[in-house]
Amino acid sequence: MATVDLLTNSFVGSVEHASELYLLDRYRVGDGSFEYKNWLFPDKTIDLHGKSIRVATFYINPHMLIKEAKNRTFSMDGLDGFILVEFCRKRNCTIELIKDEAMWGDIQPNRTGNGILGNLVERRADVGVGALSSWYHCYQYLTFSTPIQLGIVTCLAPKPNLLPRWTMLTMGFSTSVYLTIFGTYCSVVSIYMLIAHFMMRKIQKRSVAWNILNVHAIFLLQATNVRNRSASEAILSLTLLLFCLNLGSIYSGKYASLLTVPMYEPTIDSMVDLSESGIPWLQAHEAWSFSLVLSKNPTTVKLVSNFRVYPPSELHRIADDGGSAFAMGRLHNGHLMLGNWITADNIHKYRLMKEELYYEHEVAMGTKTWPLMEAFNEIIGQMASAQLLMAQELRIIYQYNDYYVQTVALNSHKQTAIAPKVLGLEDILRGLFVLGLGLLCAGAMFVLESMHVRKSHADQIRFSNGL
């Protein structure tokens with residue numbers, strides 16, 4: 001009777017052992033039965049017998065914390081490292097790390113690349129972990145696992161500085177109010193000149209400059225010649241005096257309050273604020289902008305154009321200067337994925353944005369044919385159900401991070417109470433500056449007038465002598 005031998009490989013164990021073929025069952029063609037009646041599709045992944053899994057990753061706190069030991073061995077911790085360790089403990093496998101200095105890397109259209117993504121697409125690795133997000137451009141090349149946790153990207157932005165005291169001179173009113181005041185000023189000057197021009201009785205007409213200075217003095221609440229040569233001029237002058245008195249009182253009160261409570265620059269609390277500020281936001285890899293590059297929203301497009309990539313050594317220097325924003329992840333339990341360039345020495349220069357830039361799902365990525373992805377998804381689901389990653393997050397943050405920096409960063413957007421202060425000498429320096437500028441201009445004008453008078457007097461003497 002004709003038979004067909006059904007062969008399979010062991011798949012598990014070492015590379016040599018995994019490729020060895022053995023008889024699974026024998027099919028009898030005549031009666032259509034199997035000789036051994038074995039299950040033809042056994043699950044070979046339940047016990048991998050030490051089979052090696054090639055994992056592409058790199059050191060990234062707090063997701064993958066790798067510490068090398070002797071004899072090319074290593075210890076692994078972190079949120080993603082914890083999942084890998086538990087997966088191999090359950091499936092009895094070993095981990096072969098494939099590290100790349102290019103971090104996440106990128107994929108080229110010809111299916112080459114570097115970093116985690118390049119190792120996967122060129123099949124030098126089976127699975128990649130390490131704060132990977134569900135990036136759209138990777139989906140056609142790789143397969144994604146079940147989401148490990150929600151990934152939130154936010155920024156540490158520079159703290160707003162105190163506004164220079166001289167800028168408060170113009171903060172009493174809005175631009176529209178200043179334009180209204182200027183329009184009123186020009187109208188009053190014109191009306192004074194029209195009244196003088198159309199009066200029935202003859203009066204001494206004043207020049208435009210005299211009218212401008214006279215009205216200007218009223219606006220500054222200074223002594224001046226109140227125009228009352230007619231009923232219309234008297235009513236206009238009285239109305240103008242009342243208006244300027246009211247306006248001056250409002251400005252004085254507003255200006256005093258601005259001096260009493262310190263004023264700061266606008267804060268950066270959202271994507272719109274960061275985009276409009278023009279401040280560059282930085283990270284060590286362009287992967288932080290992958291989720292934004294396809295957007296056509298003008299705000300997002302401008303935000304992407306302000307993104308900059310620097311090596312960690314340069315980020316340390318920039319962070320100490322305090323003039324740029326830094327992208328960072330917010331973990332599922334609320335902690336921050338701070339780079340090691342944010343330290344206790346420079347964290348006080350920054351303020352955490354109240355809103356996030358964008359949300360993503362963090363995943364593991366594998367080759368399209370990796371047979372263990374479903375088993376990997378199973379362990380992710382079990383950990384999510386037991387909320388193990390939330391407990392591990394707290395442990396890892398305490399163990400591997402400066403919790404003082406975490407605390408300061410998380411509370412940096414909370415503004416401390418500012419008590420009113422007594423006005424001091426520095427608060428009237430602007431008035432003294434204006435007075436000094438006025439005295440300087442008056443002195444220069446006096447010199448010019450004196451020179452003009454002397455020249456005119458000399459010309460008169462020469463003219464008299466000539467006669």
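Leaving aside neighbours within four places in sequence, which residues is His335 in contact with? They are Gly329, Arg330, Glu393, Leu394, Ile397, Tyr403 and Gln406, where contact means heavy atoms within 4.5 Å. Keep in mind that this is a predicted model: local features need pLDDT of at least 70, side-chain atom pairs count only at pLDDT 80 or more, and totals for chains, interfaces and linings use all residues. Residues are numbered from 1 along each chain as its sequence is written, and side-chain values use heavy atoms, with hydrogens and water left out.

**His335**
- You'll find His335 in the loop between strand 15 (325-330) and strand 16 (336-337); strands are DSSP runs of E, at least two residues, and helices are runs of H or I, at least four, both numbered from the N terminus.
- His335 counts as buried because its relative accessibility is 5% (buried is under 20% relative accessible area, exposed over 50%, partly exposed in between, with a 1.4 Å probe and protein chains only).

**His457**
- His457 sits in helix 13 (residues 429-466).
- With a relative accessible area of 48%, His457 is partly exposed.
- Between His457 and Glu16 there are 441 residues in sequence and 116 Å in space, C-alpha to C-alpha.

- Three strands form an open sheet in the order 1-2-3, with antiparallel pairing (two strands pair if DSSP finds at least two bridges between them).
- Strand 1 (3-9) and strand 3 (33-34) are the edge strands, each pairing on one side only.
- Tyr27 has Phe34 in strand 3 as its bridge partner.
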